[in-house]
Amino acid sequence: MGSQLEASADKKQRVLCLHAYGGNANDFADRTKRIRTALMDTEAEWVYLDAPHNVPQGGGTCWWRYPEWDPATDPHGFLAARNYEGLPDFLELVDREEARGGDFAGVIGFSQGAVAASVLCARKNLQWAVLIAGFPPRDPRSGFGFTPVHTPSLHVVGLTDNIVPNSESRLLQECFSGEWCEHPKGHIADLPAEARTSVCDFIKKHLS
């Protein structure tokens, strides 16, 4: 199921944390530890979920699969994929977690997790979203793109990211009209200090 890292305050705002394709909850928690440490004085409960599906080739889990994508012949084919196999399972997982522990106030997602977070922003009344190395959802069943997304958002990109092009993250940012943050590194969730500060400032603004 993943892990939950709670604030000590009685009233907590739940933050959903969604890892990348091939990742898992514990790994993402480790990579974002310095963000949580900087926000220790906030009333937040950090909920890291494990994705419901195993990656077809290789280790780790994923929020959905891309059945038409062949990484060997088209390494970036997942960007244009329009069939998110297992998408309903992801949505049901989040619904179950909200039924168990309460609604989420915000969401942090990395790579495929940022796409998954974007789908939730189109469907739920989230107060904010941090989307790291994200790109627009393209499965019509996602509900994304049919109406403007009004969730306040921060879009974080690495200028040397060779997995998700910055142009794809810019398309996602334009769907939200969100804020933009760049750092000089690549496809990473363990952000450099300046970008990490921008993320923490954005979250503090919405948790206060």
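Strand β3 (residues 44-49) is mostly covered, with 6 of its 6 residues buried, where buried means under 20% relative accessible area for a 1.4 Å probe, protein chains only. Ala 44, Trp 46 and Tyr 48 point one way from β3, while Glu 45, Val 47 and Leu 49 point the other way.

The model is predicted: local features need pLDDT of at least 70 and side-chain atom pairs count only at pLDDT 80 or more, whereas totals for chains, interfaces and linings use all residues. Residues are numbered from 1 along each chain as its sequence is written, and side-chain values use heavy atoms, with hydrogens and water left out.

Strand β2 (residues 13-18) pairs with β3 in the parallel sense over 6 bridges; pairing requires at least two DSSP bridges between the strands. Val 15 is opposite Trp 46 of β3.

The axes of helices α3 and α4 come within 11 Å and cross at roughly 65 degrees. This makes α3 roughly perpendicular to α4, a term for angles of 65 to 115 degrees. The residues in contact (heavy atoms within 4.5 Å) are tabulated by helix.

| Helix | Span | Contact residues |
|---|---|---|
| α3 | residues 87-101 | Phe 90, Leu 91, Val 94 |
| α4 | residues 112-123 | Ala 116, Val 119, Leu 120, Arg 123 |

Glu 168 lies in helix α5 (residues 166-176). Glu 168 is buried, with a relative accessible area of 14%. Not counting residues up to four places away in sequence, Glu 168 touches Leu 79, Gly 134, Phe 135, Pro 136 and Arg 138.

Methods: Buried means under 20% relative accessible area, exposed over 50%, partly exposed in between (1.4 Å probe, protein chains only). Helices (H or I, at least four residues) and strands (E, at least two) are DSSP runs, numbered from the N terminus. Axes are lines fitted to C-alpha atoms, for helices over the stretch in contact, and angles run from 0 to 180 degrees between N-to-C directions. Angles under 35 degrees count as roughly parallel, over 145 as roughly antiparallel, 65 to 115 as roughly perpendicular and the rest as oblique.
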